[in-house]
Amino acid sequence: MDWKELRKFARKNIEKSCQIIEKDEKLLPEAVAIKYFPTVVEKAKGAEIWDVDGNRFIDFLSSAAVYNVGHSHPAVVEAVKKHVEKIQNYTIVYFYNEEPVKLAELLTQSTPGSFPKKVAYGFSGSDSVDSAIKAARAFTGKKYIISFKHSYHGMTYGSLSATGIIDQDSKKIICPDEHIAFAEYPDPYRNSWDIDGYTEPELLSRKALLQIEKMIDDLNGDVAGVIIEPAQGDGGMIFPPVEFMKGLRTLTEEKNIVFIDEEVQTGMGRSGKMWAIEHYGIAPDIIVSAKALGGGMPLGAVIGRAEIMDSVPVPFFAYTHSGHSVNCAASIAVMEIIRKENLLKQAEEKGLSLKKWFQEKTSQYPFIGDVRGKGLLMGVEIVTDKITKTPDKSMALKISWAAWERGLILITFGKNGNVLRVAPPLNIPDELLKEALEIIDASFKDAAEGRVPDEILPCLKGW
């Protein structure tokens with residue numbers, strides 16, 4: 001991000017932020033980030049954040065869908081303080097600890113499927129995806145993992161190999177796992193078959209499933225697992241047809257392939273259900289969770305069929321700090337908050353209200369091509385033309401910049417970089433939601449009426 005150039009256009013004071021950004025660029029490699037705005041976050045509470053210059057923002061990103069229960073929720077803070085005073089952690093590789101056991105009990109009870117389950121812990125979605133891949137291969141004795149184009153699964157070796165949204169030539173530099181095959185995700189709005197998946201979901205599902213069946217045959221059946229996001233997050237918040245997900249589950253059962261449900265971004269109540277896979281009425285073999293799981297503390301988990309999890313050789317799930325005691329205590333608090341504050345219902349109701357608002361704006365703003373979401377798991381696609389559906393990344397970035405100027409964190413993402421990412425905390429107060437929508441409406445107008453300069457576009461990275 002060219003923050004020096006952006007400073008010329010910013011209508012708010014960002015001097016302190018820029019001083020820290022300058023040091024950041026000297027000390028941290030570019031590969032750690034995809035920056036959007038020249039903002040150094042100093043404080044966060046609930047659904048709001050403040051930068052070091054005192055600028056206040058409503059948060060429609062939640063630190064990449066991490067703070068489902070809001071920033072610094074008092075119950076999470078109390079759980080961390082109380083536990084860290086007693087013990088920070090003692091490795092469960094050699095001894096035992098009660099918190100990871102308590103959390104595992106809650107996780108196995110909350111996930112679909114009545115079969116026995118076990119939990120392995122990590123620190124992020126990335127290493128947890130690695131663990132899921134280990135489990136699938138250990139259980140089946142097969143090598144290949146089928147992932148999807150434009151998927152995002154993480155940046156560790158295995159998860160990066162399974163990520164479809166990263167340029168394949170760039171990935172070759174670090175020699176990714178070659179036993180990954182990529183299928184097309186059945187995007188109802190835009191797909192290579194030119195099928196309107198909203199009006200013909202069964203046809204789109206058949207096309208996508210036939211492709212996967214052929215892939216399995218071409219690999220001589222040597223497929224250990226299929227890893228799929230129930231809504232393709234960084235690909236643009238794309239929801240596949242229910243018929244596809246049910247058909248994929250049937251196919252994996254018939255072929256003895258492990259069905260890995262990657263819920264790093266979609267889980268922990270964000271979709272209006274605890275796990276987004278519940279919208280499709282199926283029970284996966286493995287669920288991967290992270291991000292919101294720790295309430296802001298670094299924590300990942302793989303919840304899977306006991307027989308699959310037990311097939312992994314000792315000590316292939318062992319990390320010194322896995323099942324970290326303080327992080328698990330924070331997660332237990334998160335699970336209780338979701339229950340006590342009825343956040344599943346809040347996410348569903350607020351999501352319906354938001355979706356209706358955006359859909360009503362489509363007649364006023366012709367650049368809104370598609371509005372999709374379940375709960376507060378939403379994407380708003382920006383296009384140049386509703387007929388051709390041509391992605392308009394520039395307009396999406398201008399809207400995001402205008403929103404930032406007015407005090408709202410609203411970033412872009414998607415396989416074409418043209419989708420607005422809507423992911424506020426599930427318990428965002430109604431008055432903040434109202435204020436945020438007023439900012440979005442004004443930002444739409446700013447971008448549509450040419451009040452956002454083209455000169456900012458080369459300065460912003462974004463997806």
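Q: What makes a set of residues a nonpolar core?
A: A nonpolar core is a set of buried Ala, Val, Leu, Ile, Met, Phe, Trp, Tyr and Cys residues joined through side-chain atoms within 4.5 Å. In this predicted model, the largest such core has 90 residues. Phe 60, Leu 107, Phe 358 and Phe 444 have the most contacts inside it.

Q: What is Leu 107 in contact with, leaving aside its neighbours within four places in sequence?
A: Leu 107 is in contact with Val 119, Tyr 121, Trp 275, Leu 293, Ala 301, Ile 303 and Met 335.

Q: Why is Phe 444 called buried?
A: Buried means under 20% relative accessible area. Phe 444 has a relative accessible area of 0%, so Phe 444 is buried.

Q: Why is Gln 232 called buried?
A: The relative accessible area of Gln 232 is 1%, which is under 20%, so Gln 232 is buried. Gln 232 is placed in the loop between β7 and α10. Its side chain reaches the backbone oxygen of Lys 149 at 3.0 Å.

Q: How do you know that the reach from Gln 232 to Lys 149 is a polar contact?
A: A polar contact needs a pair of N or O atoms within 3.5 Å. The side chain of Gln 232 comes to 3.0 Å from the backbone oxygen of Lys 149, so the distance meets the cut-off.

Q: Why are the rings of Phe 148 and Phe 244 called edge-to-face?
A: By the ring rule there are 13 aromatic pairs. The centres of the Phe 148 and Phe 244 rings are 6.3 Å apart, within the 6.5 Å limit, and their planes stand at 85 degrees, over 60, so the pair is edge-to-face. Phe 148 belongs to strand β5 and Phe 244 to helix α10, so the pair ties together parts 96 residues apart in sequence. Both Phe 148 and Phe 244 are buried.

Q: What makes Phe 367 and Phe 444 an edge-to-face pair?
A: Their ring centres are 5.5 Å apart and their planes lie at 70 degrees, over the 60 needed, so the pair is edge-to-face. Phe 367 is in the loop between α13 and β11 and Phe 444 is in helix α15, so this pair ties together parts that are 77 residues apart in sequence.

Q: How do you know that a charge sits over the ring of Tyr 189?
A: The distance has to be within 6 Å of the ring centre. Lys 389 lies over the face of Tyr 189 at 4.6 Å from the ring centre, so the distance is within the limit.

How values were computed
Residues are numbered from 1 along each chain as its sequence is written. This is a predicted model: local features need pLDDT of at least 70, side-chain atom pairs count only at pLDDT 80 or more; totals for chains, interfaces and linings use all residues. Side-chain values use heavy atoms; hydrogens and water are left out. Buried means under 20% relative accessible area, exposed over 50%, partly exposed in between (1.4 Å probe, protein chains only). Contact means heavy atoms within 4.5 Å. Helices (H or I, at least four residues) and strands (E, at least two) are DSSP runs, numbered from the N terminus. A polar contact is a pair of N or O atoms within 3.5 Å; within protein, one must be able to donate a hydrogen and the other to accept it, and residues adjacent in sequence count only if both atoms are side-chain atoms. Rings of Phe, Tyr and Trp (its six-membered ring) pair if their centres lie within 6.5 Å; planes under 30 degrees apart count as stacked, over 60 as edge-to-face and the rest as tilted. A charge sits over a ring if NZ of Lys or CZ of Arg is within 6 Å of the ring centre and within 35 degrees of the ring normal.
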